[in-house]
Amino acid sequence: MKLFMPERVFFEPSSLKYPLGEELYKYFENKGIEIIKTPIQNVSRSIPGKTEKHKYARSKKTLVIATKKSLNLDVCKPSADFEFSLVTNCPGNCEYCYLQTTQGFKPYLRTYVNLEDIFSTIKRHIAKNNGDVTTFEVASAGDPLALEHITGSLGKTIEFFGSLDNGRLRVVTKFSNVDSLLNLKHNGHTRFRVSINSRHVIQSFEHNTASFEERIEAAAKLAHAGYPIGFIVAPIMVYEHWKEEYLELFDKLRAQIQIDRLSTPATFELIQHRFTPIAKQFILQRFPGTKLDMDESKRALKWGKFGRFKYVYPKETALEIKEYISTLITERFPGAVIDYFT
Ligand code: SF4
């Protein structure tokens, strides 16, 4: 996997008051990468691009170094009690990514340098929880591992959680640069959920992310380094030979993960492919030749809050996916926990 390097970096002036902000400034200066100091509200219009496709591509190569201003954390049910961000967005180009619709026309990456403020906020939320364990999701707005070789922030956060009695961290990733995390004092307080999929789905739709083999290898390294491990199998797609390809996935996973070295049972979250009308519009503009199956006539409607709906597989197909993938998991990972299928 080629590690991400931006083609231009914006520094919000307040970021340079923090040690990590200064460090990053020197880092990019030494690399000869274009640096622009400007308030965050100017970033969007400073990114070049005439067409939607061009703007999208340039934004994905733009990094903003910023400070996290609002330090009130959102609730993140059912995955965790709260969510926070070290990074928003990611350099991957997954055609179906939910960030397509939530992060607007110029989905540039942002990383926050005021880690101590973020850690104080986390402690404040734990203190309000009457001594119970409080869980925090760090990857709901982006993939923090994708920038770890530049910022080192995820490693610092893992060690911070390792030092807490009642705080637990949850990470999701489609990247594989985990080597710098293997010897950290994580204390078993961080659960990594590696996003995995069939070879076809990764190769066809998850551009600029770790490959099929790299993700399995990264998951094995994390599991054998004592991290509680989990897998998000998403989006599960039905296509010719899907059963053979998911079989290959779980066979390969089983061959590399030594179950007797797991610190806790592996967890699995299963999510079938879905799309909304607005996501389909964005995807067709950004990936005009997409092979994603978004034929509404072959799908069922699933209604959500506020009258919103998405297209999912019809009930019988969804049941077939659930049963087939669950069997593959339970046959190979006895004792594993399947958290949900949706
Ligand atoms: S890696 Fe995750 S966050 Fe990044 S584009 Fe893919 S789905 Fe979206």
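The expected span here is 1.5 Å times one less than the number of residues. Helices (H or I, at least four residues) and strands (E, at least two) are DSSP runs, numbered from the N terminus. This is a predicted model, where local features need pLDDT of at least 70 and side-chain atom pairs count only at pLDDT 80 or more, while totals for chains, interfaces and linings use all residues. Residues are numbered from 1 along each chain as its sequence is written, and side-chain values use heavy atoms, with hydrogens and water left out.

Which residues of helix 5 are buried? They are Leu-115, Ile-118, Phe-119, Thr-121, Ile-122, His-125 and Ile-126. The arc is that of the directions from the helix axis to the C-beta atoms. On the other side of helix 5, Glu-116 and Ala-127 are exposed. Buried means under 20% relative accessible area, exposed means over 50%, and partly exposed is in between (1.4 Å probe, protein chains only). The cover over the buried residues of helix 5 includes helix 1 (19-31), strand 5 (82-83), strand 8 (109-112), strand 9 (134-137), helix 7 (153-162) and strand 10 (167-173).

## Helix 10

Now for helix 10 (residues 242-256): its 15 residues reach 21 Å from the first C-alpha to the last, close to the 21 Å expected at 1.5 Å a residue. Buried here are Trp-242, Tyr-246, Leu-249, Phe-250 and Leu-253. They cover an arc of only 85° around the axis, so they sit on the same side of helix 10.

What covers those buried residues of helix 10 includes strand 11 (190-196), helix 8 (199-205), helix 9 (212-224), strand 13 (229-236), strand 14 (267-272) and helix 12 (315-332). Contact means heavy atoms within 4.5 Å.

Phe-212 lies in helix 9 and is buried, with a relative accessible area of 4%. Not counting residues up to four places away in sequence, Phe-212 touches Asn-197, Ser-198, Arg-199, Ile-202, Glu-248, Leu-249 and Lys-252. Phe-212 and Arg-8 are 204 residues apart in sequence and 29 Å apart in space, C-alpha to C-alpha.

Thr-67 is in the loop between strand 3 (62-66) and strand 4 (74-75), and at 8% relative accessibility Thr-67 counts as buried. Leaving aside neighbours within four places in sequence, Thr-67 is in contact with Glu-12, Ser-14, Ser-15, Tyr-18, Tyr-112, Val-113 and Asn-114. Arg-110 is 43 residues from Thr-67 along the chain, and their C-alpha atoms are separated by 9.3 Å.

## A cavity and a pocket

The structure holds one cavity of 30 Å³ or more, and about 70 Å³ of space lies in the largest cavity. On a 1 Å grid over the protein atoms alone, a cavity is a set of points where a 1.4 Å probe fits but cannot get out, and a pocket is an open set with protein on both sides within 12 Å along at least five of seven lines; lining residues have an atom within 4 Å of a point. Grid points are joined across faces, edges and corners, and a volume is the space filled by probe spheres set on the points. The residues lining the largest cavity include Tyr-56, Lys-60, Cys-94, Cys-97 and Arg-286. Strand 7 (93-94) and helix 4 (99-102) each supply at least two residues of that lining.

The second largest pocket has a volume of about 400 Å³. Of its 20 lining residues, the closest to the centre are Phe-4, Lys-61, Pro-91, Asn-93 and Asn-208. Helix 3 (residues 52-59) gives the largest share of the lining, three residues.

Another cis peptide bond joins Ala-234 and Pro-235, with omega about -10°; Pro-235 is in strand 13.

His-241 has phi near 70°, a positive value in a residue other than glycine. His-241 lies in the loop between strand 13 and helix 10 and is partly exposed, with a relative accessible area of 46%.
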